[in-house]
Amino acid sequence: MTHPNPAVARSATLAEIAREAGVSAPTVSKVLNGRADVAPATRSRVEELLRHHGYRRRRAEASRSPLIDLVFHELESAWAMEVIRGVENVARDEGLSVVLSESAGRLTPGRTWADQVAARRPHGVVLVLSGLDESQRALLTSRSIPFVVMDPAGDPGDDVPSVGATNWQGGLAATRHLVDLGHRRIGVISGPSRMMCSRARLDGYRAALETAGLPVDPSLIRTGDFHHEAGYRCGLELLKLPDRPTAVFAGNDLQALGLYEAARERGLRVPEDLSIVGFDDLPVARWVGPPLTTVRQPLMEMAEAAARLVLDLGRGERPTTATRVELATSLVVRSSTEGVPKVSKLQ
């Protein structure tokens, strides 16, 4: 954290902050440790001074609990289970436990969450599809609690360690596969536009069409939310078009499964009448009938990388890799895609 007065940031001590706040040193210590028995106005004043002075608790005095905090934007799918397994793999090797939190769809956790983390004193925090506001970042920094963002929803900033995947390349590969099979009317069901990963996949889709000399038809683009219901709803809209697509890039595997349902309802067979590509390569992609062609996102490996990175930062070690890491995606071709049907079945 950069401070406007580096000399002050270097010299400020807990006792000096207590004196400036007009409270005792134990009160400042209670705020640092997330204790609840501090008046809100006092807590706010102390936190502001901690931020102002760029206070960082010395590592020697920052006794840690044997925990990693894992925070999800939403915690309700097989996607989340792959991430949990990855963090658990690293935690188990290090003799640590994992604490799960959910930000209930918000892109930053609530203020009470930050206080709870300060009280738990974990080895580090891994945030999935989430981020931190400035006050939360300052709170964790002042307690010497490192954090890493996995699959950041927005641009986390150059100073925030993050782990992601090559989403643009994945969207390009998915759409290029359909183009190479001869499809010319290719729909897409994107994820939420506020999420960087879904914007990148959609940009990859557009790039594949443009490099193939095909028009990007706005009527074939739908915005979902990465859930099954959105794949079904948006899929029905696409399949009811007078000149429906012969193939759809579903944006993720859960939306692809919703699209399967929409196709069945319209009397269309996959892949004979409609080719479908997903994204993630969740275990269910292999089990569904027909098995789903999808872009493999190495979720478990991403989670492992994020957990190792946050532990390295907590030890004060220089990470062996850059603090902005992107792992490769790859196309996995199964049975949900084939060439254009000779006679499109329009229903």
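User: In which strand is Ser162 found?

Analyst: The model is a predicted one, and residues are numbered along each chain from 1. Within this numbering, the residues 162-165 form a strand, and Ser162 is found in that strand, E5.

User: Is Ser162 buried or exposed?

Analyst: Leaving aside neighbours within four places in sequence, Ser162 is in contact with several residues, including Val148, Pro152, Thr323 and Val325. The relative accessible area of Ser162 is 4%, and a residue counts as buried when this value is under 20%. Ser162 is therefore classed, at 4%, as buried.

User: Which strands stand at the edges of the open sheet, each with a single partner strand?

Analyst: The sheet is open and mixed in its pairing, with 6 strands in the order E7-E6-E8-E9-E10-E12. One side of each edge strand is left without a neighbour in the sheet, because each has a single partner strand, and these strands are E7 (221-223) and E12 (330-332).

User: What is the bridge partner of Thr294 in E12?

Analyst: Strand E10, which covers residues 293-296, pairs with E12 in the antiparallel sense over 3 bridges. For Thr294, the bridge partner in E12 is Val332.

User: What separates the C-alpha atoms of Cys234 and Gln255, in Å?

Analyst: Cys234 lies in helix H10, residues 228-239, and is buried, with a relative accessible area of 2%. Not counting residues up to four places away in sequence, Cys234 touches Ile189, Arg222, Thr223 and Gly224. Gln255 is 21 residues apart from Cys234 along the chain, and the separation of their C-alpha atoms is 8.9 Å.

Key:
Predicted model: local features only at pLDDT ≥ 70, side-chain atom pairs only at ≥ 80, totals over all residues. Heavy atoms only, no water. Pairing = 2+ DSSP bridges. Helix = DSSP H or I, 4+ residues; strand = E, 2+ residues; numbered from the N terminus. Buried < 20%, exposed > 50% of the residue type's maximum accessible area, 1.4 Å probe, protein only. Contact = heavy atoms within 4.5 Å.
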